[in-house]
Amino acid sequence: MTAIWGTDAQGSWQPLAASRYPAEQALHDLVAEGPQMLPLSGAPRLTVLGTEVQLGTGRADVVAVESSGRLVVIEVKLAGNPEARRAVVAQVFSYAAYLQGLDPDYLESATLVTHLARRRVTSIAEAVRNDDQEGSVDAASFADGLARSLADGAFRLVIVLDSVPDELVQLVGYLELITDRVVIDLVTVTAYDVGQSRVLVPQRIDPGRRAAELSEAEAAARQANAPQPGSADFRSAAAKAPTEHQQMLARLVDWAEALDAKHLISLFSYSGKNEITTLLPRLTRGGSGLVTIYCAPGAAYLQLWPSVFNRLAPNAIPLVEQELGGPIRNGQRITAVSDSLLEALAFAYYEANGQRMPTSS
């Protein structure tokens, strides 16, 4: 059983008592803001498309999509609502039944149109592209994956609870056993009060039936396509870049490593398509970054992510835009990076972490 341990007044280690999550809506908002907190099977990358989405006669808490194009429905239920918690499996399957067979254009233009507008995008593909900080999503493959997900009813259904009754675990295990089109993730989120802070521990519940283990070749391929921790792979790629780009790339890596040393980010390197290597300064909150650093054949540049700035560092936007000489835009390649721009971006990372940037930084 997962537990958090802490010391008491005498310095002895004791398991901390779990506390009830204060409100279902609070957990709902947390999941919608940072779906990467959920330990889902296969560790997919999710882009949230909408919350409280009307699907048939009900409203799904969160509708998201994987970078593969597979649609995801997430429902949150707490112990304070036991009747709804018992009915949650039927609820998520009713949402899946509604989605199955929908045309992708109808999903965008009718079902999700207001939700996409709130996110300032015009299509599902644009929302995913705006989250694709690794540059790993192929537009044609994504469109095909989304169409197949809708046509086949091949969805991921995620149920988030604060505790799981045995009969629900048994039911989910049975449903996993008899279907190969739907992935069901059962996740508990336990809250602990630690001093003045609240610590959340998400945990995936395995009903006992798992997909067949990956072969060594499949596991190696998956690992090769995953972001690698640290900046070593990116430094190696930068060292092979044209001479005129190496100095800027070295400055950018030094800047990112300084943020990492201050525990503001976690650094990842990703070697993607077209021989492009990216450095990802990711926030621990939500798993996204405010910037991505690119080392491409014959090019070196920064890209900024407006949706992450708007959500986590809105006060830094005027500072950054002042240095850019214009608004932060998706897809904008920044090839001239001044020290003052890097300082403004550092300010943004401090804000995203809920900290004040030291004046000496």
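In the predicted model, Trp255 touches Val291, Ile293, Leu342, Leu345, Ala346 and Tyr349 when residues up to four places away in sequence are not counted, contact being taken as heavy atoms within 4.5 Å. Residues are numbered from 1 along each chain as its sequence is written, and side-chain values use heavy atoms, with hydrogens and water left out. Because the model is predicted, local features need pLDDT of at least 70 and side-chain atom pairs count only at pLDDT 80 or more, whereas totals for chains, interfaces and linings use all residues.

Trp255 is also among the residues with the most contacts inside the largest nonpolar core, which has 49 residues, the others being Leu290, Ile293, Leu304, Phe309, Val320 and Leu345. A nonpolar core is here a set of buried Ala, Val, Leu, Ile, Met, Phe, Trp, Tyr and Cys residues joined through side-chain atoms within 4.5 Å, where buried means under 20% relative accessible area (1.4 Å probe, protein chains only). Two or more residues each are given to this core by α10 (232-239), α11 (243-261), β13 (291-296), β14 (299-304), α12, α13 (317-324) and α14 (339-352), helices (H or I, at least four residues) and strands (E, at least two) being DSSP runs numbered from the N terminus. The largest share, nine residues, comes from α14. A second, separate core of 39 residues includes Val53, Val89, Leu146 and Val164.

Helices α3 (residues 88-99) and α8 (residues 166-178) have axes that come within 11 Å and cross at roughly 35°, the axes being lines fitted to C-alpha atoms over the stretch in contact and the angles running from 0 to 180 degrees between N-to-C directions. The contact is made by Val88, Val89 and Phe93 of α3 together with Leu168, Leu171, Val172 and Leu175 of α8. These residues divide into seven nonpolar, no polar and no charged, with Ala, Val, Leu, Ile, Met, Phe, Trp, Tyr, Cys and Pro counted as nonpolar, Asp, Glu, Lys and Arg as charged, and the others, Gly among them, as polar.

Val158, found in strand β7 (residues 156-161), is buried, with a relative accessible area of 0%. Leaving aside neighbours within four places in sequence, Val158 is in contact with Leu38, Leu40, Val72, Val73, Ile74, Glu75, Asp185 and Val187. The C-alpha atoms of Val158 and Val62, which lie 96 residues apart along the chain, are separated by 9.5 Å.

Note on methods:
Buried means under 20% relative accessible area, exposed over 50%, partly exposed in between (1.4 Å probe, protein chains only).
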